[in-house]
Amino acid sequence: MDLSYTKEEQAFREEVRTFLEEKLPKSMSDKVRRGEHIGKEGHELWHSILNEQGWLSFNWPKEFGGAEWNAVQRHIFEDQCAAAYAPRIVPFGLSMLAPVLQKFGSKEQQDHYLPRILDGTDWWCQGYSEPGAGSDLASLKTRAVREGDHYVVNGQKTWTTLGQYADWIFCLVRTDPDAKQQEGISFLLIDMNTPGIEVRPIVLLDGTPEVNEVFFDNVRVPVENLVGEENKGWTYAKYLLTHERTGIAGVGFSRAGLDAVKRVARQESANGRPLIENPHFAARLAQVEIDLMAMSTTNLRIISQAAAGAAPGVESSMLKVKGTIIRQEINDLARRAVGPYAMPFASEAVEGDNDPVGPEYAGPVAAQYFNNRKLSIFGGSNEIQRGIIAKVKMGG
Amino acid sequence: MDFNLTEERQMLQDTLRRYLSERYTTTKRNAIIDSDAGHSDEIWGELAELGVIGALFTEEQGGFGGAGFDISTVFEELGRAGVVEPFLDTAILGGGLIAALGDDAQHGLVEEVIGGGLHLALAHGEPASRYDLSRVETTAKVDGGEIVIEGRKAVVINAEAAGFLIVSAREGGGPFSLDGISLFLVPADADGLTMQGYPMMSGGRAAEVTLDNVRVPTSARLGAEGVGFEALADVVARANVALAAEAMGAMESATELTREYLMTRKQFGRPIGTFQALAHRFSDLLIELEQARSAVTNAAGHLDSDDRDRQIAAARNLIARTGRLVAEEAIQMHGGIAMTQEYELAHIAKRIVMTDHRFGDADYHLERFIGLSAA
């Protein structure tokens with residue numbers, strides 16, 4: 001048993017740290033630290049900086065020009081990025097679609113799409129959820145009917161994150177309505193500029209236009225945009241879910257969030273003393289830090305198994321549940337820490353139209369608290385994760 | 001022992017609930033939140049006409065209620081409908097202070113408030129005061145026949161709509177001293193008074209208020225010099241009953257919306273509420289809701305008793321804990337739909353959670369309860 005990183009891993013961590021110090025623009029990390037959105041241009045800039053270093057493809061195999069880091073390296077990278085307030089890497093093309101194309105796509109699809117994901121030519125979004133198919137994703141109804149050398153797609157997707165920026169959408173569509181639910185689904189790549197597609201923004205409860213509805217009205221998609229075999233889409237989607245989940249615990253985000261709360265609690269005062277010395281607040285802070293310390297080691301235990309070649313199983317579900325509980329608790333502490341200054345609605349300040357209200361750190365905390373309620377809902381809700389854990393572990 | 005509302009209060013509750021369910025729809029309310037003013041003069045006028053503001057004042061103040069259970073009855077309904085109009089600020093805080101301390105000339109303003117013709121705001125909290133009611137650093141100095149006020153006030157809710165701000169300022173004592181705090185009736189358009197206004201997370205508007213060499217006549221003082229703290233503590237106690245009741249009403253709405261959704265939304269071929277994992281959690285919400293209702297009853301029932309402050313600290317602590325549970329669980333059990341601005345629950349959940357940030361969160365009231373219990 002050795003809890004520390006190996007010499008090589010330490011050297012790698014230094015390399016990542018140096019890179020972030022040198023290449024992550026200060027204006028960008030300041031925005032992330034303040035909880036502001038960096039917009040499409042910001043994301044594209046960060047992707048291009050990483051790509052120049054050869055690190056944007058960190059989870060891709062070497063044969064596709066990837067860095068092919070192991071799970072420990074990926075963890076170190078993600079951890080350091082969160083600590084440095086780097087923007088998150090937009091995952092849709094890079095770590096959701098790319099692994100599917102690499103495993104199931106045709107040579108033509110790989111040659112065409114993968115380089116365009118890396119160089120930022122195509123922004124991808126994910127077309128899975130539908131109004132009637134959330135937790136029960138396999139009940140999806142968006143229909144694709146083969147007509148000659150096209151599929152004609154009709155239906156609706158929802159919760160499409162950053163779909164307003166997307167050039168392409170990868171979609172689960174029903175190609176065989178008579179087959180058993182999971183067996184009639186196909187995986188289609190659709191150009192967002194095709195006639196018949198309409199994107200409508202959904203404003204979230206914190207005021208951000210982060211997700212969208214996407215409507216398909218007789219959208220014609222060339223058959224060569226089918227990935228793998230018709231009616232095998234569910235297998236590909238499931239492959240995605242088990243493929244790359246090291247970041248799911250969000251340890252880096254939690255640690256950065258906890259540091260931020262501590263910084264704020266040193267500046268705020270309650271009854272004439274720094275808030276961080278307030279016994280009730282300090283107890284709650286300590287509690288979540290203790291939980292985080294343990295989860296961080298759980299995360300590393302699972303990562304080191306994965307690096308040794310073990311396939312991640314229900315551990316991913318466990319990390320997702322615990323990780324989101326911890327992150328949401330930290331969001332709650334952050335909201336409480338700023339007292340009455342949680343009340344101003346910061347969107348105007350965030351957009352820079354007005355002078356900030358109250359201390360700079362107070363602006364986004366209430367919005368983040370509400371926005372991050374999504375963590376336990378999306379990507380398979382915590383209820384679905386608990387169901388998976390029970391199903392696998394109880395042997396029923 | 002009788003836990004029923006009196007006939008008058010029952011009528012008030014029925015009238016208010018009917019009015020709000022017909023007039024204060026989700027669409028209407030969301031439009032009000034998006035408007036420049038952040039509240040509706042039309043709704044305000046209609047509710048004043050229904051007697052909602054009058055119910056918050058005693059007969060001798062010109063109203064027809066004013067007791068703890070009048071406040072809780074009104075605010076439970078306002079909470080249920082997610083009302084963003086500033087009843088707390090104009091009536092309970094502003095109107096309450098003038099009614100308690102005002103001279104005959106100033107009392108005329110209470111009549112205007114009850115009629116719906118005047119808004120007020122309490123400019124008390126400061127950038128560093130957090131929830132500490134005695135921390136006042138704004139100063140007031142007599143200069144001939146005038147008083148000069150200097151300072152900054154933070155998150156002054158309803159400031160932009162108010163005809164007058166009730167400004168707390170020190171005429172003696174250190175920054176935490178209970179003595180030496182005076183209250184002044186300052187016209188919103190006074191020279192030297194500036195506002196930076198902004199919308200709030202859960203609807204309505206507030207402003208950062210700067211008082212730079214603001215001069216008012218000595219007749220603008222509310223009550224005697226340096227003894228404003230007790231009156232402040234009194235209206236804040238009433239505000240805490242109102243906030244607890246409002247959050248409880250909103251919790252009932254959140255729970256009811258969740259019940260409807262759980263029994264309508266189908267996944268895996270059945271209503272999701274038939275999954276025991278959700279059914280049990282829904283039951284927990286109902287259990288906590290009964291606790292919340294009793295906590296409000298305790299607080300409202302002790303508003304004029306010696307045990308007032310301890311009962312109120314207990315109620316606000318319990319409401320803060322159960323409110324967070326209800327808001328978060330209601331969102332979680334709904335899933336994505338509850339994350340959208342236009343769905344009713346989003347606003348209701350924000351009202352519940354943001355209650356925490358007015359006059360003290362769960363920790364603040366827990367400490368207060370411990371302190372008062374030890375005394």
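The legends below describe close-up views of a predicted model.

**Figure 1. Chain A as a whole.** Chain A contains 13 helices and ten strands. Its radius of gyration is 22 Å, close to the 21 Å that the globule rule gives for 396 residues, so chain A is as compact as a globular protein of that length. The C-alpha trace of chain A spans about 75 × 50 × 50 Å along its principal axes. Of the 396 residues in this chain, 44% count as buried.

**Figure 2. The side of chain B that touches chain A.** Here 35 residues of chain B are in contact with 37 residues of chain A. On the chain B side, the elements that give two or more residues include three strands, S3 (146-157), S6 (193-199) and S7 (205-217). Helices H9 (308-334), H10 (344-354) and H11 (362-374) of chain B also give two or more residues each. By type, the residues on this side of chain B are 18 nonpolar, nine polar and eight charged.

**Figure 3. Asn51(A) and its surroundings.** Asn51(A) belongs to helix H3 of chain A, which covers residues 39-53. Asn51(A) has 16 C-beta neighbours inside 10 Å and therefore counts as partly exposed. Not counting residues up to four places away in sequence, Asn51(A) touches Leu56(A), Leu118(A) and Asp119(A). Gly120(A) is 69 residues away from Asn51(A) along the chain, and the C-alpha atoms of these two residues are separated by 9.3 Å.

**Figure 4. The largest nonpolar core.** In soluble globular proteins, nonpolar side chains tend to be buried together. The largest nonpolar core in this model holds 222 residues. Those that touch the most other members are Leu165(B), Ile166(B), Phe184(B) and Ala244(B). Helix H7 of chain B, residues 228-264, supplies the largest share of this core, with 16 residues. Leaving aside neighbours within four places in sequence, Ala244(B) is in contact with Ala295(B), Val296(B) and Ala299(B), and also with Ala315(B), Arg316(B) and Ile319(B).

**Figure 5. Helix H8 of chain B.** This helix runs over residues 276-301 and has 26 residues. From its first C-alpha to its last, H8 of chain B reaches 37 Å, close to the 38 Å expected at 1.5 Å a residue. The buried residues of H8(B) are Ala292(B), Ala295(B), Val296(B), Ala299(B) and Ala300(B). These buried residues pack against helix H4 (68-80), H7 and H9 of chain B.

**Figure 6. Two residues with positive phi.** Most residues other than glycine have a negative phi. Asn231(A) is not a glycine, yet its phi is positive, near 70°. Asn231(A) sits in the loop between strand S8 (226-227) and helix H7 (233-243) of chain A. With 17 other C-beta atoms within 10 Å, Asn231(A) is partly exposed. Arg130(B), also not a glycine, has a positive phi of about 50°. The place of Arg130(B) is in the loop between strand S1 (120-123) and strand S2 (139-143) of chain B. Arg130(B) counts as buried because 23 C-beta neighbours lie inside 10 Å, and a residue needs 20 or more to be called buried.

Definitions and conventions: Residues are numbered from 1 along each chain as its sequence is written. Chains are lettered from A and ligands numbered from 1 in the order in which they are written. This is a predicted model: local features need pLDDT of at least 70, side-chain atom pairs count only at pLDDT 80 or more; totals for chains, interfaces and linings use all residues. Two residues are in contact if their C-beta atoms, placed from the backbone, lie within 7 Å. Helices (H or I, at least four residues) and strands (E, at least two) are DSSP runs, numbered from the N terminus. Ala, Val, Leu, Ile, Met, Phe, Trp, Tyr, Cys and Pro count as nonpolar, Asp, Glu, Lys and Arg as charged, and the others, Gly among them, as polar. The radius of gyration is taken over C-alpha atoms; the globule rule is 2.2 Å times the number of residues to the power 0.38. A residue is buried if 20 or more other C-beta atoms lie within 10 Å of its own, exposed if 12 or fewer, and partly exposed in between; C-beta atoms are placed from the backbone. A nonpolar core is a set of buried Ala, Val, Leu, Ile, Met, Phe, Trp, Tyr and Cys residues joined through C-beta atoms within 7 Å. The expected span of a helix is 1.5 Å times one less than its number of residues.
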